[in-house]
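Subject: Structure handover and notes

Dear colleague,

Please find the structure below, followed by notes on what was found in it. The notes cover helix packing, chain interfaces and salt bridges.

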6 protein chains.
Amino acid sequence: MDATYKRGQTLSETLNPGMEATLKARYDALLPGMAETVVDFAYGQQYSRPGLPLRDRYIATIAALTALGAQTRPQLKINISGGLKAGLTQTEIAETIWQMAMYGGMPAAINALNAALEVFEDVS
Amino acid sequence: MDATYKRGQTLSETLNPGMEATLKARYDALLPGMAETVVDFAYGQQYSRPGLPLRDRYIATIAALTALGAQTRPQLKINISGGLKAGLTQTEIAETIWQMAMYGGMPAAINALNAALEVFEDVS
Amino acid sequence: MDATYKRGQTLSETLNPGMEATLKARYDALLPGMAETVVDFAYGQQYSRPGLPLRDRYIATIAALTALGAQTRPQLKINISGGLKAGLTQTEIAETIWQMAMYGGMPAAINALNAALEVFEDVS
Amino acid sequence: MDATYKRGQTLSETLNPGMEATLKARYDALLPGMAETVVDFAYGQQYSRPGLPLRDRYIATIAALTALGAQTRPQLKINISGGLKAGLTQTEIAETIWQMAMYGGMPAAINALNAALEVFEDVS
Amino acid sequence: MDATYKRGQTLSETLNPGMEATLKARYDALLPGMAETVVDFAYGQQYSRPGLPLRDRYIATIAALTALGAQTRPQLKINISGGLKAGLTQTEIAETIWQMAMYGGMPAAINALNAALEVFEDVS
Amino acid sequence: MDATYKRGQTLSETLNPGMEATLKARYDALLPGMAETVVDFAYGQQYSRPGLPLRDRYIATIAALTALGAQTRPQLKINISGGLKAGLTQTEIAETIWQMAMYGGMPAAINALNAALEVFEDVS
């Protein structure tokens, strides 16, 4: 285990406490090392890059998951939660999603808004 | 023509001077009113909404067009240009695109980076 | 509020009575004006355009939502209901969906057929 | 070879004369029988089904290929040509495509409109 | 009914016993002949082609349904079951899915892994 | 730099000699470290995993890029070349692609076949 993995662990535990342990418990028997790859690549090599603040990275992710059809609803909700922790307001998240009506279609945007409302109700 | 159309026209002429005239010349015979709808809806009712700065809206759009596979390359390039005008740096745009390797796949992210490099070369 | 919004309101109340009020109740606190945009753009500027009958517009929409993977199932069902109101028969809707096996894949077509069967059972 | 293949051959030669021979010349060495499958399945078992007129089937196909991002431009153009032969007007095709701005995004719709304009210029 | 239909029936009854009857019961009233087309095209003309072993064909299908967003979860699960019958191990299926993190995104890959775990639990 | 990066470098230089240097030359000024991440994640942590032979991994990748619409044609061609080096025959690649007609649609499959033919012509 190396520097990017350790950096990833710090960031992932801040944003999604317990995520690595959950991935390990669920997938490790079938896919040994998969949890480490998620932590190393996603958090250590991508989300922790300089050049774009974490808040802005969540705008990008929420926009993309919305435009792709909001079919990965659990992951969209995790990233909406992450975005709130990274400093996005509920309004900024809703605006990001609604703008996607122009790119991923109105149905996808409305689907994603519903996912966001569920997250906002849970945290309020 | 109403308030949202006029607001859209001001914004669209700032970001993409001449766009409405181009759309009209190209599509008006087949689709009368289409250019007005683009200006009214996209610029007057969506991009000019309060609640999320224009710079952030371009992060969302560039992320989405990348994740959707970068197949709409001309429109991706127009939005990368628009993002630069709205205050994004070249680094911020590249970071937004590269993060999409996690959501729309590495091939789509690399395709979009190539589109961005073309825009950056044109403006430099 | 202007002409396209008013035209949209008439059409949307005919096809989906109460939709604007529902959107307002659900999203207005977070996204003020979003319900008006849906009514104005989707119904006033798009579905009410001349040049293609409403019935044919629903063929296009049902085909697209099927080919995109039928992941926006609630909106697909709303548009299947709308298509019936606009004069499509159950057979025409099923044929439209099944043809999409060639474009969006067999799994997506079968998913969408199941959504259609649910709508048909509700209206019969 | 059976009834559906023969029915497909008649329809495909009407809509796209020479298509089967072209497919055979291009792909038969690598994929023996592929051209027959296209003729049998696509034309003999799908496009020739009763229950939805051919003209309406082309609305569905053009809508789907647009909403999927218009990335299969050669096939989109072939289907726009086919739609004209099946009785769609240029306006009906343009309206079908433009409506997809609501489902596959504005960039995809504009991409597809450009493909349609190229077809219309060739046939006029 | 012809040779490809009969070949398809043999293969489909081996991989998914009762599938044709289920399709017929569910869809035949609306879409007469649809079940035959699935059997003839999908099983008789595609899955039974020489040139690529059935086991490898399931790798391709599972990869594709994952990368498309795993939104067609029932069909993904049917194909994971089919892959096991065609000789894929649980590990090979999990590896196929996880590799898609690079092409269809991490959320889609994790969604599909969860579908696979459900299938594996049912068969164990 | 650590073990997964070094393992990735060995594999990537075998499959795509010079790729890391090309990525560095092209993207390093804008995205420092991006080339290392591609090598570490894609080749060191994904393609070099045990549990599925490299040949099978290329079936999965070619299937996915086809089903996603073949819009990332340069990357599809790189992976078709890689598949040939990993032991796939031209027939196996063509069969993998053509099977995708059932999942990503016939237009996407034919687009990808054309990309494959271009690669096959270059290597023959």
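In chain A, the residues A:Gln90, A:Ile93, A:Ala94, A:Ile97 and A:Trp98 of H6(A) are in contact with A:Met106, A:Ala109, A:Ile110, A:Ala112, A:Leu113, A:Ala116, A:Phe120 and A:Val123 of H7(A); contact means heavy atoms within 4.5 Å. By class, this contact of H6(A) with H7(A) holds 12 nonpolar residues, one polar and no charged (Ala, Val, Leu, Ile, Met, Phe, Trp, Tyr, Cys and Pro count as nonpolar, Asp, Glu, Lys and Arg as charged, and the others, Gly among them, as polar).

This is a predicted model, in which local features need pLDDT of at least 70 and side-chain atom pairs count only at pLDDT 80 or more, while totals for chains, interfaces and linings use all residues. Residues are numbered from 1 along each chain as its sequence is written, chains are lettered from A and ligands numbered from 1 in the order in which they are written, and side-chain values use heavy atoms, with hydrogens and water left out.

Helix H6 of chain A spans residues 90-99 and helix H7 of chain A spans residues 106-123; their axes come within 9 Å and cross at roughly 165 degrees. Helices here (H or I, at least four residues) are DSSP runs, numbered from the N terminus. Axes are lines fitted to C-alpha atoms, for helices over the stretch in contact, and angles run from 0 to 180 degrees between N-to-C directions. H6(A) and H7(A) are therefore roughly antiparallel, the term for angles over 145 degrees.

In chain C, helix H6 (residues 90-99) and helix H7 (residues 106-123) pack at an angle of about 165 degrees, with axes 9 Å apart. H6(C) and H7(C) are therefore roughly antiparallel to each other, and they cross in a right-handed sense. Among the residues making the contact are C:Ile97 and C:Trp98 of H6(C) and C:Leu113 and C:Phe120 of H7(C). The contact of H6(C) with H7(C) divides into 12 nonpolar residues, one polar and no charged.

Chain E supplies another helix pair. Helix H4 (residues 54-67) and helix H5 (residues 73-85) of chain E pack at about 160 degrees, their axes 9 Å apart. That makes H4(E) roughly antiparallel to H5(E). The crossing of H4(E) and H5(E) is left-handed. E:Tyr58, E:Thr61, E:Ile62, E:Leu65 and E:Thr66 of H4(E) meet E:Gln75, E:Leu76, E:Asn79, E:Ile80, E:Gly82 and E:Gly83 of H5(E). The contact of H4(E) with H5(E) has five nonpolar, six polar and no charged residues.

Now the interfaces. Chain A and chain B each put 31 residues into their contact. The area buried between chain A and chain B is about 2,700 Å², with 62% of it from carbon and sulfur atoms (buried area is the accessible area, with a 1.4 Å probe, that two parts lose on being put together, summed over both). On the chain A side, A:Glu95, A:Gln99 and A:Tyr103 lose the most area to chain B, together 22% of what that side buries.

Six salt bridges are counted between chain A and chain B (a side-chain nitrogen of Lys or Arg within 4 Å of a carboxyl oxygen of Asp or Glu). One salt bridge joins A:Glu95 and B:Arg57, at 2.8 Å from N to O.

Between chain D and chain B, 17 residues of chain D touch 14 residues of chain B. They bury about 1,400 Å² between them, 72% of it on carbon and sulfur atoms. D:Trp98, D:Met106 and D:Pro107 lose the most area in chain D to chain B, together 33% of what that side buries.

Over all chains, the count comes to 54 salt bridges. Within chain B, B:Glu118 pairs with B:Arg73 in a salt bridge, with the closest N and O atoms 2.8 Å apart. This pair links distant parts of the chain, with B:Glu118 in helix H7 (residues 106-123) and B:Arg73 in helix H5 (residues 73-85), 45 residues apart.

Regards

Technical notes
Helices (H or I, at least four residues) and strands (E, at least two) are DSSP runs, numbered from the N terminus. Angles under 35 degrees count as roughly parallel, over 145 as roughly antiparallel, 65 to 115 as roughly perpendicular and the rest as oblique. A crossing is left-handed if the near helix is turned anticlockwise from the far one by less than a right angle, and right-handed if clockwise.
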